[in-house]
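Please look at the sequence and the structure below before reading on. The note then goes through the ligand site and the pockets.

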Amino acid sequence: MAKVLSGIRPTGNLHLGNYLGAVKNFVEMQNTDDCLFFIADYHSLTTHQHPEELKKNVKNILVEYLACGLDPEKSIIYIQSDLPQLCEFYLLFNMIAYLGELERTASFKDKARKHSENVNAGLLTYPVLMAADILIHKADKVPVGKDQEQHLEMTRKFARRFNNQYGVEYFTEPVAYNFGKELIKIPGLDGSGKMGKSEGNCIYLIDNEKTIHSKVMKAVTDSGPVVPNSEMPEPIKNIFTILDIVSTQDTVSFFREKYNSCEIRYGDLKKQLAEDVIKVISPINQRIVELEKDDEYLGKIVKNGAEKAAETADKTIREIREIIGIRKFW
Ligand code: TYM
């Protein structure tokens, strides 16, 4: 049985990209693997959130995880900051990571460029904390979207470097995982790039039918193909990328043929996409409304999750202290 672990930053509500890129896989993997899923609240502090916002967002993600189908009977569900062992692991691995490689990380360069007023050290060492999340439980598989691929590569590099430095075979190298298929990137419907909170182009799992419909109908298109079988421009490709995942094969083929024969009507395409996105989101949406009322149940889940997660975290910390040579004198 593989050990699976993944997390999400509580910076808002879950969107369709989070769900299709990551959480949908979490739900499936918990039936076959040994799974841990957590809420990465420390990671979310690289952008300074208001304390009340942070509390609300942690609860949102927990509720939405459960509404998507994460099951506390099958998986360990916890909040990152409930695991104090992680801070020690992070500190120790900050000695393994090099400044140059951290500065070259795509996500660091991107965030430093976009938010030049807040290039904090936590942003620089973000991949080290992520490696700590994964390696402290010695996870083998990490279900994530394509944007996290480089962070996983760095985790493998740190694990290898630790093993080499201390002459041990302690850590195995975890892999980013999407059932053996390519990792996916859900695009926004605003023409280019990924769907993301900071991009402001998200369809959220809390959106109602009307909102989803109106967001999809606003998707960027063009005046339509004039040459048969021509290559799709990016905004149209993006619509088909989502359609490919949420619609049936027949529907996708129908609209592809229409595109290739220059007969496509984008209004019909968007209407179909909206319907199929609603089919995915609306059952989740209904469960969110139920779950968010039950604070006592939510509290029990994360308390229990933290206790279980602490078992493996404690063991790893004890063992790496021993390997590193941090000894007790009493
Ligand atoms: P975060 O919070 O940005 O995103 C959570 C998950 O959603 C995926 N995702 C997407 N997938 C496809 N298309 C999109 N448009 C899209 N947008 C988001 C992300 O790939 C991710 O899987 N660093 C992580 C959180 C984290 C973590 C970890 C993950 C912290 N420690 C340890 C795995 C293991 C992050 O910022 O994800």
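1. Basis. This is a predicted model, in which local features need pLDDT of at least 70, side-chain atom pairs count only at pLDDT 80 or more, and totals for chains, interfaces and linings use all residues. Residues are numbered from 1 along each chain as its sequence is written, and side-chain values use heavy atoms, with hydrogens and water left out.

2. The shell around the ligand. The ligand is surrounded by 27 residues, the closest being Arg9, Tyr126, Asp133, Asp147 and Ile186; a residue counts if one of its heavy atoms lies within 4 Å of the molecule. By class, 13 are nonpolar, nine polar and five charged. Here Ala, Val, Leu, Ile, Met, Phe, Trp, Tyr, Cys and Pro count as nonpolar, Asp, Glu, Lys and Arg as charged, and the others, Gly among them, as polar. At least two residues of the shell come from each of β1 (3-8), α1 (16-29) and α7 (126-135). Helices (H or I, at least four residues) and strands (E, at least two) are DSSP runs, numbered from the N terminus.

3. An oxygen atom of the ligand lies 2.4 Å from a polar side-chain atom of Asp147. Of the 720 Å² of accessible area that the ligand has on its own, the protein covers 98% (Shrake-Rupley method, 1.4 Å probe).

4. The largest pocket. What space lies in the largest pocket? About 1,200 Å³, counted as the space filled by probe spheres set on the grid points, which are joined across faces, edges and corners. A pocket is an open set of points on a 1 Å grid over the protein atoms alone, where a 1.4 Å probe fits, with protein on both sides within 12 Å along at least five of seven lines; lining residues have an atom within 4 Å of a point. The lining has 49 residues, and Arg9, Lys111, Asp147, Gln148 and Lys194 are the closest to the centre. The ligand sits in this pocket, meaning that more than half of its atoms lie within 2 Å of the grid points.

5. The second largest pocket. Its volume is about 190 Å³. Residues lining it include Leu20, Lys24, Phe179 and Ile245. The largest share of this lining, five residues, comes from α1.

Note on methods:
Polar contact = N/O pair within 3.5 Å; in protein donor to acceptor, adjacent residues only side chain to side chain.
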